[in-house]
Amino acid sequence: MGALTGLIVGTVGGIVIGALPGFSASMGVALLIPITYGMSPVAGLIMLTAVYTSAIYGGSITATLCHTPGTPASAATAIDGYKLTQQGRGMEAVGVCTVASMIGGVVGALALLFLSPPLGKFSLQFSALEYCMLAIFGVTIIASLAGESLYKGLFSGILGLFLGTVGLDAITGTPRFTFGSIQLEDGIQFVPALIGMFSISQVMIIADDVFKGKHAIVDEKSMTGRILPPWSEFKGLIPTIARSSVIGTIIGIIPTAGAGVSSWVCYSLGKKFSKHPDKFGNGSLEGVASSEAGNNAATGGALVPLITLALPGSAVAAILLGGMLMHGLVPGASMFTEKAPVTYTIIFGYLLSNVLMGLIGLAVAKYVARVSTIPMGVLGPLVVALSAIGTYAIRNNMFDVFVMLAFGLLGYLLRRTGFATAPLVLGMVLGEIVESNWRRALIMSRGNMFKYFLSRPISLALLVLIALSMFTPVLMNYVNKKSRVQEKSA
Amino acid sequence: MKKSSRIAGIVTALTVLFCSAAAAENGWPTKPITLVCGYSAGGSSDLGCRYLAAALEKQLGVPVVVENRPGSGSWVAWNRFLHNTPADGNTFALVNLSAVFGHYDDKTPRKETIDDFELLANQAIDYQVIAIRPDEKRFTDYKSLLEYAKSNELLTAASSTGITSGEASVARMLEKFHGAKVSVVPVGGAGDANTMFISGNIDFLIGNVGDVTLNPENYKVIVLFANERDEQLPDVPTEKELGLGDYVSFSARGYAYMKGVDPEIVAKMTQAVSAAIQDPECLENMRKMGVNVELYSGDAYKKLLNDQLEWRCRIWDVKR
């Protein structure tokens, strides 16, 4: 009974927390930990894991409807989701987002249920060099997010990489670009910057539209009434969702990657495998499906090393570790022997929460999609207020609100001049991971990087993947040109 | 000059008298007490604060609220606490070794020293240990590890660099006192160091007792850097017992006021915090998290930190 209450409260609470800009999954989990004090371990942990996965989903609803990702993991969804909303297909976008999240979440939960011990061992194969390679692979995505101009996209990406260097050097502890400010020692906080880039800049653009006489994102009349696309179209999304679910789970398992990186990688792979890559960035259901299945699958994956090895791979997992210890559950091998009944009940509860989240999402999609018909004069101030509150609440720090505003202005200027903001965000996230892990790998290679590389097959495989991802388009162009020339001459 | 300083002395004495009288009259505490925690909600530092806050409410009879202000390893919180918070006894803060040792850090030296804090009581101490993998063949105990490391460079990890880090200090000590060749991989946190150790990416682990007792099957602990053995690791000898040195190293966290709080309030609060630390429910919750509670209050607390600071300064060749 307590478990059921935990499940429902966790899922609904998670969706709401996730949907509010600035209120991330880690905050939701941290906020609810004190409430679980009085609950049984099973009920308490089901509630916490339910909050985790549904907050990641909830964040995508607002990302889709008003370009305000509630959590960093939903930023990739904002790109295509919002375009669809503008085209009056917001309800459908939310529907696809829901189904993809649910399937992704269920796949992640199934992996957790059946494959945890072997997958836990697999996660140990990854270390600094592999994290670095994975993040470099992520950086190569920038080109596919560039938008209208490749060079402008690359500029945004490099600006992001540069902004990611602010703060204490992760290896030596020396301050860089902090100008003596203690507030900048941790670097530019990612969540405030993201909210500025996506939400605040969006409100400024909305304000422009209001001046031009447009009063809502879409008219009620021009909205389609479907929650899901017709079966013929939905069928085409199944391979995308399946691929993203599996890849998302694997990325989630790797410590330090997490749902944020997963959504971007899955989005980019979705584009690479798509039959209509040109639609990505202009309102593609496939784009929404790929990032959404990817981020929710990653939450299940992230629980694998936590439960099997007591190794938290992300901020949320670290908070969950505290929650588990508080309830007398010590993660580790014993979770699957002595404490197996408790463990499996919790994992099963997590599985159910993913399904419940999907059902709730589909039930309310029709109503939440109306957010896009709210007059802009009302929606804009609301988003700014919630963003400011959410940003402040993360660390009780006014400086973060100023960061948010500054990035809002920067985002607005970039978007108005045709620079995509997604590469900047990606550069900021990945730059730090690439740099610090490469330098760790250099120390670990004991001065012989070549030999060290050869001893790490996963890194070599990732290196090949990076090369392919960078040079395939060039080669394809070359081959296409050549065959065209041959056709002409024939 | 002499006269004026005497007058100043009298004035100060009177003010102190008057203030303390006022405090006694007003019957501090009358307002809710704020506990500033420079780490994010949900982490182990935060949970420790919350358990203490609950126990302290029983002692003081007013609400005790935990306020999280994470950033720059708690320095955002400490800065504001020391320089922008009234010293009226209604706000106190979580402090750890970074607060008192940060002044001597060579990369990001802080203005503030141990003398800027009015130390109340220490809640938790976690001693440093060295662990090797249970199947390790190259060395089997502390002595053979030191021997091996004299001619072979060994890798370990530390969650931050420099004097404030207990792990990095142990690594430096191994080099300085034992001539061992040790390279430190700086990592984001203790969790990352454990991952690297279990997966075989580093040769040995410098960790805390709390890290290695969570899943003991993964660790063979070979030495403890404390004055006496630990209850949780009864078979692990201290460095002193092994006759190889007498280094003591730990992480610790406790609570402090800023300077300038009425001495009477300080005395009352020290007593209340000490009682809260020993509250049975608070102790039980800390035990569940695997935290070792050792109460030191007032001057004993100051001595504990000063002694450790002396060790660290010696290791890093820093003049106090």
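Below are a few exercises with worked solutions on this structure, which is a predicted model.

**Exercise 1. The interface**

Work out how many residues of chain A and chain B are in contact, and what area they bury.

Solution. 
- Begin with the head count: on chain A, 37 residues touch chain B, and on chain B the partners number 41.
- Next comes the area: the two chains bury about 3,200 Å² between them, with 57% of it on carbon and sulfur atoms.
- Now go polar: 14 residue pairs are in polar contact across the interface, both residues at pLDDT 80 or more.
- Then ask which helices of chain A each supply at least two residues to the side touching chain B: these are H13 (315-326), H15 (376-395) and H17 (422-444).
- H13(A) gives the most to that side, with four residues.

**Exercise 2. Charges across the interface**

Find how many salt bridges join chain A and chain B, and check one of them against the cut-off.

Solution. 
- The rule finds two salt bridges across this interface.
- One pair to look at is Glu185(A) and Arg110(B), whose side chains meet at 2.8 Å, N to O.
- As background, side chains of opposite charge can pair when their charged atoms come close.

**Exercise 3. Salt bridges and burial**

Take the pairs Glu92(A)–Arg89(A), Asp400(A)–Arg395(A) and Glu136(B)–Arg133(B); which of their residues are given as buried?

Solution. 
- For scale, the count over all chains comes to 26 salt bridges.
- Glu92(A) meets Arg89(A) at 3.2 Å, and Glu92(A) is buried because its relative accessible area is 0%.
- Asp400(A) and Arg395(A) pair up at 2.9 Å, N to O, and both of these residues are buried.
- In chain B, the closest N and O atoms of Glu136(B) and Arg133(B) are 4.0 Å apart, and here too both partners are buried.

**Exercise 4. A glycine in a helix**

Decide whether Gly361(A) is buried or exposed, and find what it touches beyond its sequence neighbours.

Solution. 
- Locate it: Gly361(A) sits in helix H14 of chain A, residues 340-368.
- Its relative accessible area is 3%, so Gly361(A) counts as buried.
- Setting aside neighbours within four places in sequence, Gly361(A) is in contact with Tyr57(A) and Thr98(A).
- Also look at Gly58(A): it is 303 residues away from Gly361(A) along the chain, yet their C-alpha atoms are separated by 8.7 Å.

Terms used. Residues numbered from 1 in each chain as written. Chains lettered and ligands numbered in written order. Predicted model: local features only at pLDDT ≥ 70, side-chain atom pairs only at ≥ 80, totals over all residues. Heavy atoms only, no water. Contact = heavy atoms within 4.5 Å. Buried area = accessible area lost by both parts, 1.4 Å probe. Polar contact = N/O pair within 3.5 Å; in protein donor to acceptor, adjacent residues only side chain to side chain. Buried < 20%, exposed > 50% of the residue type's maximum accessible area, 1.4 Å probe, protein only.
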